[in-house]
Amino acid sequence: MKISIEELAKLPSKERDKILNPVFTALLRCEFDNDVIEAALRDSPLINTDAQGAKKLNRIAPSSMAKVTHANTKMIAILSCHHEQTFQNILNAFSNAAFDPPYWPCEKDDLAVSRWAADQRFIEIEDDKCRITDSSGATGWIEMSKSPIGNNTSRNTTTQENPDMNNAFALSTEQSEIINTIFDKYTNGAIKDVTPVLQSHFKHLPELQIEVDTLRQKLANLPKIQVPQSRPSSGVIPSGKIAMRNAQDVFGVRSPLLDFEITTWEWDAPHPHVPERFDNYRFDVQKLAQYLYGLEHNLNQWLVGHTGTGKSTWVEQVCAHTGYPLQRMNFDADITRMEFVGSTQVVIDESGKQVTKFVDGFLPRAMQAPCVMLLDEADAIQGDVAYVLQAVLEHKPFRLLEDSGRLVDPDPHFRIVATANTVGQGDPTGLYSTAVKSQSTAQRNRYNVFLEIDYMQVDDEIALCKELNPMMSNECESFMTQFLRLYREGFANGDVMEPISPRNTQTIAQAITFFEPKIGLRDAVAMSVKMNLTSRANESDAAVINGLLDRIV
Ligand SMILES: Nc1ncnc2c1ncn2[C@@H]1O[C@H](COP(=O)(O)OP(=O)(O)OP(=O)(O)O)[C@@H](O)[C@H]1O
Ligand SMILES: [Mg+2]
């Protein structure tokens, strides 16, 4: 009555084609055909290859595709479908083909059977039963009408509509009496009470509910569009693939805020653009969670903070932890459109001749690879460069007017992060005004996340000083702690204008450690602070700093 997969495989290929062609063709027309196409491509020299007469996949109609694909491939392709809808399409295609006698798997209503057949590779059908032989040779009869998979859809609907399944076995006395009588009769007394049966059925429900929630959360964190999960090596750049990992593990910090999956890259060899890890970097967990969220959802981010708050290092260190390559452009020097976008240059071609050619600048090079593009000191970007960025910040293809209007497509893992001392609306403090240019509202509007980065806590900063400078004496440590605390207070109150950053703290602590054994703490402090801080400060700041020193030492 029916034909098994094995029997189908044994038919002469013409016969097999007669059965499989209409099914395969119908399948290619449906929207769930990726598995099939991939399987077909693996085996067909006539599609997308250099063979004579080979055709481009996007040029051939589904009906021709069936002709150029080998019968075995069609079978494998059909069996490789895993999507429920695709299975339905296979069934429809078989039944629409109206074969006589009907061939497997034309049981229209029993999706479960065909799916099992595909997984188990062998199936026999007799009336309303089917026998499945698995790869180990084990067999068993099942009744199709009781197939658990066949009832899948209705079961799922009930669970979703009625999530309080814990009470599902709370039957009224009347109900259980009726059900128990029926069970008793039809199981010949083997089951007299239905309650334990129901209980055993539902007892795993809470665990399953937790699992469903976890999977839902994972799904919510996944990128919404399908993007490539690996990159082949280009010779200079190693090949790499994505590994989704929990942010807590990646950064070695336990916090519910970081309990989500993030994209990390695993490269076959050291990637020249992935920065080196600096394990002493201290992340603010709340900001880190927001930043990682932004990276995962491809949001443009603007990190703002005073000089030395660690903005550039932040971007660099997240790349170092996640394996994301970093492309950094500093706008503190005047970067022109030509440097940013590229220009026509005279170059030597392979034959040694001089030719004029457009050479991609920083932007198109960065855009076409998975990376974080760091626009450092973004509030100093010039007008013409800012204009180029408009389309890029919208993650749209960028038209290179200088290269005959060539379109540059952004890589799906291309991310944009800007750092600056201001939010791009000029500098109200006057501390950075020489470099800062007011950025247009249109450009600032294209950044989705603004993160204010602050100096680390004083204790953290001193601990970091000690880690980087282990010979630092206890006296020096105590001086640095008091000095930094008072200085930051003074800066916050506006008593002193010159900010003090970890760059200063580390330099001063290092100098004190060097000079203290030679001239004592007091003179070493005076000398080191003058050398690094007071000498460049204006008169009023210098007076405040000297006042602080007098109070401490
Ligand atoms: N949270 C931190 N943990 C460890 N080191 C830090 C931290 N914040 C700043 N630093 C150190 O301070 C120095 C300055 O950091 P960085 O250059 O990243 O600051 P920035 O905010 O980009 O400054 P600017 O605005 O001047 O560009 C670096 O040596 C960095 O390692
Ligand atoms: Mg910086």
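Which residues does Leu-375 touch, not counting residues up to four places away in sequence? Met-329, Phe-331, Ile-381, Ile-416 and Ala-418. Contact here is C-beta atoms, placed from the backbone, within 7 Å.

A word on the model. It is predicted, so local features need pLDDT of at least 70 and side-chain atom pairs count only at pLDDT 80 or more, while totals for chains, interfaces and linings use all residues. Residues are numbered from 1 along each chain as its sequence is written, with chains lettered from A and ligands numbered from 1 in the order in which they are written.

Now the core. The largest nonpolar core has 46 residues. Val-315, Val-372, Leu-374 and Leu-375 touch the most other members. Such a core joins buried Ala, Val, Leu, Ile, Met, Phe, Trp, Tyr and Cys through C-beta atoms within 7 Å. Buried means 20 or more other C-beta atoms within 10 Å of a residue's own, all placed from the backbone.

Next, strand E11, residues 371-376. Of its 6 residues, 5 are buried. Strands are DSSP runs of at least two residues, helices of at least four, numbered from the N terminus. E11 runs parallel to E8, with 5 bridges. Leu-326 sits opposite Val-372. E11 also pairs with E14, again parallel, over 6 bridges. There, Leu-375 partners Ala-418. Pairing takes at least two DSSP bridges.

Last, ligand 1. It has 18 surrounding residues, with Thr-307, Gly-310, Ser-312, Thr-313 and Pro-502 the closest. Near means a C-beta atom, placed from the backbone, within 6 Å. Helix H14 gives the largest share, 3 residues. Domains 3 and 4 both contribute, so ligand 1 lies between them. Those domain bounds come from an automatic or database assignment.

Note on methods
Buried ≥ 20, exposed ≤ 12 C-beta atoms within 10 Å, placed from the backbone. Contact = placed C-beta atoms within 7 Å.
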